[in-house]
Amino acid sequence: MTAYLLRRLLYAVPILIGVNLLTFALFFMVNTPDDMARMQLGVKRVTPEAIEDWKRERGYDKPLFVNAAAQGGARFTDTIFFDKSVRLFVFDFGFSDDGRDIGREIRERMGPSLAIALPVFVLGLFAYVCAALLLVFFRQTVLDLAGVVACVVLMSVSAMFYIIGGQYLVSKAWRLAPISGFADGAAMVPFLLLPVVIGIVAGLGASTRWYRTIFLDEMGREYVRTARAKGLSEMRVLFGHVLRNAMIPILTGVVVVIPSLFLGSLLFESFFGIPGLGSYTIDAINAQDFAVVRAMVFLGSVLYIAGLVLTDLSYAWVDPRVRFS
Amino acid sequence: MPVLLWTDALVFLLVGALCVFAWTCARSETLRQGWRRVASNGIGMASAVVLAVFVAIGLLDSLHFRPALEKPGEGGKVAYSVDVLSVLDLLVAPLRERRERTYSAPLAVVAFQKETVQRPDGSQVREFPRLRHGGAHLADPATGRATDVAWRTAGGLLLGLAAAALFCTAWIAAIARVRRAAFRATAASVWHDSGDAQAPVHWRAFLLAVSVLLVVAAPVLLLSMHYHVLGTSKIGQSVLYLSLKSIRTSLVIGTLTTLVLMPFAVLLGIAAGYFKGWVDDLIQYVYTTIESIPSVLLIAAGVLLIQVYMETRPGLFETSAQRADFRLLMLCVILGLANWTGLCRLLRGEALKLRELEYVQAAHAFGVSHWRIIVRHLAPNMLHIVLISAVMGFSGLVLAEAVLSYVGVGVDPSMISFGTMINDARLEMAREPMVWWSLAAAFGFMLALVLAANLFADAVRDAFDPRSTVRRTGFRIGPARLAGRQGEGA
């Protein structure tokens, strides 16, 4: 188990290095820091001195890989690559282009982000699995057909319409919840209500259909026939046997959601004014703050890989046949 | 002067590729069978009709040109306007040209907001001014509007019904001719059973879909001659026109992205599965790395860089349309580069499986070259995976465009798209009274497009996925395994 975990973590290292190199190439080699400076300072009427100043303030004035002017180890450490990319590995994100500590921002914004992402994830999973089991219970009836049709229609609607519609109906017309905003501590609950509900509804169509097909696949297996032959009730078959056996494909599907757990609430945070990582990223994109976007790309990949490892470990938890060898 | 934008060229390349694909299908019995199964599926047939209408609008909107200015320039040289128009713009010229000053509600005859109006006698009053074009033919809008709208709607419905009846009659007559059967018997067979051996095509669904479209389109056409059927936007453009123009943007993103990702996914996926060893390791490493970056961020990073590239080189484009078009193309490229991994993974798995089969081993033993084995023996057997994933990915990309445009990394703000429409609508929703029609129009058109695409994708998957044809019971919509889970991204 420990050996397996260690091997998985070691396997993550080259991938993170790859992500790091890729982002470095994207951010510093496609466009030079000069281009970035010109963009930030306004394209026309910008003096070379202003560009140099801008670069110096943010540490972009060094050479990319090898600093010929420095001595010894500094030849390689006193470069943009070392400063901006290698330091990410120890979670030293540096400063944003407007001079703020990115690491501190991330620590502060993690809480609100999780406060919305976790309930959506956990309650959503529960809701989708229940809805799918319900459809499977009524399979090949009009109810199932109606459910599947509803799923296809629901998944054909953009999440933005759910958000705008929900905000209009619940907050503006019925005045049940605040339209947007955030507060610390227990006061955050009313602010979270609407985004969490809409977040669950927005994923309802696609996810329910997905879980339904998983359960239907399991329903065709022989152990189900055996269970029925034993005289178990349909409910016992569904919850006692099918659900437990479907855990592995469900977990595999959950992996797909992990990266959006972190950023899927990008839209929600921005629409509902929640000061989390998603709205931080959107603000950075709009302000063209490359330092922040780079940090978020790296952080996102780290979280994704961590999610993958956790999923692999949870396989063993739901399925005793899985061994780490 | 005709203008060939980059995306136009690629759209027509795609049309060419589809023709080649159709030719391949016509020659291959298994592929023909698959399409026959799609055609015998009622929902598949109906959604195909709807999609075809969208595609036709998109193609008309892809034929661009720059109109000549009326006064020839110096030396008799014809000067061209900087506006790039499309054939669709010409067809719906009234919609494009009849602009109001600002917002007006659907079918309105007066403006949305009160303005100070100077009376002929010199006094000033605050009132809702008449629109320049909406209901301008009415003498007394207060009383005449309701009856006029009702008459036009009724007339349009009748016209639509008549057109639908005519179309159905002609179509059934044509089928009867081909089958050498009596008209009445053909009509009865089309209506009652659609999936028999003689008529594998679900004509009833086809005719119903066409009829519904005609009945909806005719009143809209009649009304739009004198009204703004879906209202006007902030700068007075007809929302119906905006919606029609958005269709091309959505289609381009949905299809060109697939075109971009296809070579990567197919070549790398097959190479990884077929050659195994270090090739496999390398390709797996590359796609795991790309996959581990959340795609929204990867796309955002890519688009930001393109933005910097374009901003710092202002002289690159002649017209603003070419500029917006370049950005659209780059968006497709970036989306493609961020999205090829899923299909690549599937193809690698399939190639791993296929390369061990006897007939591939036999080809090996005969000394057939790797390239030939891949082209002749592997690729044809993976075509269904590529097809299904291309069709299933389409709707996800259309939805993603809206989200990306909202985040600020989508299409150029000057480009008309559903994303920009929704983005503007956010501020309009906060107004009092609310401006709801552009959001409603974007919602309706997007729902129609994405729903049709989803249903069509289901039909294609059911028809081509060997796993779902084995156990097809009742109305069960086949396993979603193959193309994975869609609509999750972004």
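## Stop 1: a helix and its cover

Begin with helix 7 (183–192) and helix 8 (203–224) of chain B, which are among the elements covering the buried residues of helix 6 of chain B. Helices here are DSSP runs of H or I with at least four residues, strands are runs of E with at least two, and both are numbered from the N terminus. Contact means that the C-beta atoms of two residues, placed from the backbone, lie within 7 Å.

Before you go on, some housekeeping: this is a predicted model, in which local features need pLDDT of at least 70 and side-chain atom pairs count only at pLDDT 80 or more, while totals for chains, interfaces and linings use all residues. Residues are numbered from 1 along each chain as its sequence is written, and chains are lettered from A and ligands numbered from 1 in the order in which they are written.

Now select residues 141–179 of chain B, which make up helix 6. Which of its residues are buried? They are Gly156(B), Gly160(B), Cys168(B) and Ile172(B). A residue is buried if 20 or more other C-beta atoms lie within 10 Å of its own, exposed if 12 or fewer, and partly exposed in between, with C-beta atoms placed from the backbone.

Try the distance tool on the end C-alpha atoms of helix 6 of chain B: they are 55 Å apart, which agrees with the 57 Å that 39 residues should span at 1.5 Å a residue. The expected span is 1.5 Å times one less than the number of residues.

## Stop 2

Most residues other than glycine have a negative phi. Select Leu107(B), where phi is positive, near 65°. Leu107(B) sits in the loop between helix 5 (93–97) and strand 4 (115–118) of chain B. Is Leu107(B) buried or exposed? It is buried, because 22 other C-beta atoms lie within 10 Å.

Next pick Arg175(A), whose phi is also positive, near 55°. Look for Arg175(A) in the loop between helix 8 (159–173) and helix 9 (189–219) of chain A. Arg175(A) has 9 C-beta neighbours inside 10 Å, so it counts as exposed.

## Stop 3: a helix pair

Back in chain B, show helix 9 (residues 239–275) with helix 14: they pack at an angle of about 145°, with axes 8 Å apart. Axes are lines fitted to C-alpha atoms, for helices over the stretch in contact, and angles run from 0 to 180 degrees between N-to-C directions. Among the residues making this contact are Gly254(B) and Tyr274(B) of helix 9 and Ala390(B) and Glu401(B) of helix 14.

## Stop 4: where the chains meet

Finally, show both chains. How many residues of chain B are in contact with chain A? There are 47, and they touch 56 residues of chain A. On the chain B side, helix 10 (277–291), helix 11 (295–311), helix 14 (370–407), helix 15 (418–429) and helix 16 (437–464) each supply at least two residues. Helix 11 of chain B gives the largest share, nine residues. By class, this side of chain B has 31 nonpolar, ten polar and six charged residues. Nonpolar covers Ala, Val, Leu, Ile, Met, Phe, Trp, Tyr, Cys and Pro; charged covers Asp, Glu, Lys and Arg; the others, Gly among them, count as polar.
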